[in-house]
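Please keep the sequence and the model in view while reading.

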Amino acid sequence: MMPINLLLKLYKLFHGITIMPRTPAFSKLEHEFLLKAISTGVRLDQRDMLEYRKIGISFGIDYGCCTVEIGETKVMAQVAAEMDRPRESRPSEGRLNVHVEMSTIAFPSFDPTKPGELGVGIQRMLERSIILSRAVDLEALCVRVGEKSWTIHLHVHVLSHDGNLIDCASIAAITALKHFRYPDVSVIGQDIVIHTMEEKHPIPLTVHHMPLYVSLAFFKGCERLAIDPTYLEEKVMDGKIILSINKHKELCSLQMNGQMNITKEQILRCTEIAAVRAKTLTELILNAIKTDTDDKKLGKTKSQTVLEKSKDNKEILKSELTVNSQTSEEIQIANMSINEDAVTDDAIKNGHNNKTEKPYWLTQHDRQTCSIGDGKVNAWSGDGAESSLGIFKALRADTQPEEKSEDENEDSEEEVVILDDSALET
Amino acid sequence: MAGLELLSDQGYRIDGRKPDELRRIRCKLGVFTQADGSAYIEQGNTKVLAAIYGPREADQNMRNQICHDKCFLNCEYTQATFSTAERKHRSRGDRKGQDMSTHIKQTFEATIQTSLYPRSQIDIYLQVLQADGSNYCACINAASLALIDAGIAMKDYVCACSASLTKGKPVIDINHVEESSDCAELSVAILPKLDQIVYSELNGRLHANELPDVIDAVVRGCKDLFVVMDRTVREHLEETATTFTHS
């Protein structure tokens, strides 16, 4: 039984066609294993069939920037406002444009130049649920009828793809829109004056309702239903039903993807499940926005991440991350809370939200660098190296502030990895 | 358009139909000679042409999609520039067209018995000549007839219909005026004999409690449509059969 890569190379040789498998090949064995597990009601990450992964919402420094993570799937949404002419067919309304970017950092087969079917799908679905359902009041964005109105640009960047992109994107989009504030405007005769943030408080957008997408995947001829599918589950599913619903139980969009034949009762049942889900999500979002707004009022530059706790405890946890003023633009990652003071020899304690301690082989060197194990002695730095920690000196905080080690890798279960110094020189 | 009532007090819509009435449907199979299968459908003022090529060998730029155990579908949806009230040029790969193509492709991937045609490609080309609401539904119906004309194995007919909710009553087979109003629009494609929903799409806002009524109405509309389509196919078959026997 030859491995797949070797088979592909042979095929290439014989047929002279370039095949570039940009995604790792998915074996039939994995496929069957997943389906078998799901048919007995077991998912790969031991969730229930109707259980969501952990959701984390965090905000940036400016209003309108929001990052949402559902498990490993991460999507960032950023809202920007621009003063422009309104559309000819609707002269008394502002505009809302949705742009979706699928870059290769999210997934190897994403092409940044073309959004592809997935990208176009996400964009159309967001447009449908937000614009067509009149979630945002566009008439309030008009400044002068027929001449000037605000155009709101919603940029959605997919940062990591591990299934269920549309849910993540919709939470990020709605949260960003609700969080966003645009500058206040006064019309004095013929002039339109846009006030800066310091002169007058910026105004939040009027969001009438918050439509959130919920995806449910069907397996094995629609016998089994799973909410929030991961990437692997999406590969083996028959299809999914995607609903956009708000907390008032109003459906804003309903779509089926994939090859499945379902009955009306199944659709109605999915609607019930989605309605419950949307309600809890709406509370989480409003809570997150409120926490962030309060923090901003207090002038804290800290950015908090509001996480949903696991199913034992229904409360919402908060975890604080310190924001380095240089790196304020960067996205805060909820998992690694690196405490400046507690740099120890071995384990990094993250007492806030993770129940398990960091493994002993994960060493920390300074605020932004850590590694697996200790590296070799650095022949370049000579003496004067700080020492009590691991010996890995190629990356120092003062010389290269932005460079992050590539070993922030918790799930490696291999033994201590000794990294070659030459690979780290820049 | 503000003064236009979508449903009058006597229960008539703008074009004089009752809420559960379909528009006039005319369809014809075998309109093109070159294509393997073709069909033309008129639903009221919405006119759609469908052409099917396949199953055939995959062409060069689609080589990477070949499956060893089933055929893959390629769908292209285009709307003519003269199809709407205002002339609007739509480029080939525009988002709405791409979105529509993806949905139609998914609908047929669930219906065509793809395992019978390994390593091949089936192309579905749809051209909307006049768009007066329910574009997706007319395209599905046209493609379904064209696939039957091409003799490609399917699980069942695919019939699609659209519905909306006006003044608490579900109205089916909506036209452009009803579509552009603020009401929700639900398009559903079903397999009529198997009574299964293959594709559904909802635009606009609809309360979850109103959903069952709208789905029921739209499924009834699809089944009525099926009767018309079935009759057309049988008539077409009788015609072609007589030409064979008398030649």
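Two strands count as paired if DSSP finds at least two bridges between them. In this predicted model, 5 strands of chain B form an open sheet with mixed pairing, in the order β1-β2-β3-β5-β4. Because β1 and β4 of chain B stand at the edges with a single partner strand each, one side of each has no neighbour in the sheet. From one strand to the next, the twist averages 15 degrees.

Strands β3 and β5 of chain B run antiparallel and are joined by 9 bridges. Within β5(B), B:Ser120 is the bridge partner of B:Glu57. Helix α2 of chain B lies across β1, β2, β3, β4 and β5 of that chain, at about 145 degrees to β2(B).

The residue ranges of some of these elements are listed below.

| Element of chain B | Residues |
|---|---|
| β1 | 25-29 |
| β2 | 37-43 |
| β3 | 46-57 |
| β4 | 72-79 |
| β5 | 120-130 |
| α2 | 135-150 |

Next comes the interface. In chain A, 32 residues are in contact with 34 residues of chain B. The area buried between chain A and chain B is about 3000 Å², with 52% of it from carbon and sulfur atoms. There are 8 salt bridges between chain A and chain B. A:Arg134 forms a salt bridge with B:Asp182, and their closest N and O atoms are 3.5 Å apart.

Last, the cores. The largest nonpolar core has 142 residues; A:Ile57, A:Ile130, A:Leu154, A:Ile241, B:Ile104 and B:Phe108 touch the most other members. Beyond its neighbours within four places in sequence, A:Ile130 is in contact with residues including A:Leu96, A:Leu154 and A:Leu177. Another core, of 9 residues, lies apart and includes A:Leu34 and A:Met49.

Definitions and conventions
Residues numbered from 1 in each chain as written. Chains lettered and ligands numbered in written order. Predicted model: local features only at pLDDT ≥ 70, side-chain atom pairs only at ≥ 80, totals over all residues. Heavy atoms only, no water. Core = buried A, V, L, I, M, F, W, Y, C linked by side-chain atoms within 4.5 Å. Buried < 20%, exposed > 50% of the residue type's maximum accessible area, 1.4 Å probe, protein only. Contact = heavy atoms within 4.5 Å. Helix = DSSP H or I, 4+ residues; strand = E, 2+ residues; numbered from the N terminus. Axes fitted to C-alpha atoms, helices over the stretch in contact; angles between N-to-C directions. Buried area = accessible area lost by both parts, 1.4 Å probe. Salt bridge = Lys/Arg side-chain N within 4 Å of Asp/Glu carboxyl O.
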